[in-house]
Amino acid sequence: MGTQRAVMYDRTGDPGELHISMAPAPSPAEERALLEVHAVGINPYDVKVLTGAAPRDTAFPRGIGSDVAGVILALGDDASGFRVGDAVMGWGLNTLREQLVVRTSSVALVPPGLSLDTAAALVTPSIAATACLRAVPVSAADVVLVPGASGSVGWIIAQLALRAGARVIGTTGSGSHDRLAAAGITPIPYGDELASALTASLDGATLTAVLGAATGDVIHTALEAGTDPRRIVTLAGDETASEFGVVSADTGQRTIDQVSLVAELVATGAIEFEVAATYALAESPVAFEAVASGHSGKIVINPQR
């Protein structure tokens, strides 16, 4: 049996705990595919897993990563719908390695014209964004507030809401105002100016929905503006949702169709999505540091480098 490089960690902590180890090269079982991993999207949740803020009960040493894009090297029995050589995107367990076995139900073909880096970067943001819009669909009758509209998830939510015909207002830092405005999103600031900026941007209209990573200040402001709490969807978790009586986005009931939907829109240019930086496998600690900073944009690691 051959070996492969895999990123592991021996205890929870900061990104410096990540290191490369040699692991057995796997083979696919029934309804599974063996991938040559070309890209792994790194999410804030991955940082929480590493630090222990999102506890896991698996023994050390542990692997890490969930989003993935790669090329199929082999297929197990009953792995229908795919061929060796297909480029696929989706999710798996401990994806930050050179080769990976995934369930075929957890991956989809990468649309023509979409890079593997972008494909891997889209997986979790697509699931989170579509979960929000599944909980509260919007239309041309809506005025929608998207917290963190310049972030990976918020950017997709805002563009999907625009495609549905809604008027979209997005909170963002000053450096992203022009980007949002160019896309047709009304940018407003975070923080102390949020309430007054929202009122000014509404200009007498009613805020009918909030979709995204809404925390206490945004939810409170939206409720004060008269938004129905049943149309405020937060990705901040069940505890936040319960505290304010709003809706918690259900990202646990994910399907690969959610990923395919957004991937197709990006591939055809119907919506935009960018990867900020791609790192080699040995640079995983640096990549995780960038994600932990919260201001890096979407980060991808290429295990073949």
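1. Asp203 lies in the loop between helix 5 (194-202) and strand 12 (209-212), where helices (H or I, at least four residues) and strands (E, at least two) are DSSP runs numbered from the N terminus. Although Asp203 is not a glycine, its phi is positive, at about 50°. Its relative accessibility of 69% makes Asp203 count as exposed, given that buried means under 20% relative accessible area, exposed over 50% and partly exposed in between (1.4 Å probe, protein chains only).

2. This is a predicted model, in which local features need pLDDT of at least 70 and side-chain atom pairs count only at pLDDT 80 or more, whereas totals for chains, interfaces and linings use all residues. Residues are numbered from 1 along each chain as its sequence is written, and side-chain values use heavy atoms, with hydrogens and water left out.

3. Glu31 is not a glycine either, yet it has a positive phi of about 60°. Glu31 is placed in the loop between strand 2 (19-24) and strand 3 (32-42), and with 45% relative accessibility it counts as partly exposed.

4. The peptide bond that runs from Phe60 to Pro61 is cis, with omega near -5°. Pro61 belongs to the loop between helix 1 (44-51) and strand 4 (62-63).

5. Phe60 also takes part in an aromatic pair with Tyr9, which is edge-to-face, at 5.8 Å centre to centre and with 75° between the planes. Rings of Phe, Tyr and Trp (its six-membered ring) pair if their centres lie within 6.5 Å, and planes under 30 degrees apart count as stacked, over 60 as edge-to-face and the rest as tilted; by this rule the count comes to 1 aromatic pair. Because Tyr9 lies in strand 1 (residues 3-9) and Phe60 in the loop between helix 1 and strand 4, the pair ties together parts that are 51 residues apart in sequence. Tyr9 counts as buried, at 0% relative accessibility, while Phe60, at 37%, counts as partly exposed.

6. Helix 2 (residues 116-135) and helix 3 (residues 152-163) pack at an angle of about 50°, their axes being 8 Å apart; axes are lines fitted to C-alpha atoms over the stretch in contact, and angles run from 0 to 180 degrees between N-to-C directions. Helix 2 and helix 3 are therefore oblique to each other, since angles under 35 degrees count as roughly parallel, over 145 as roughly antiparallel, 65 to 115 as roughly perpendicular and the rest as oblique.
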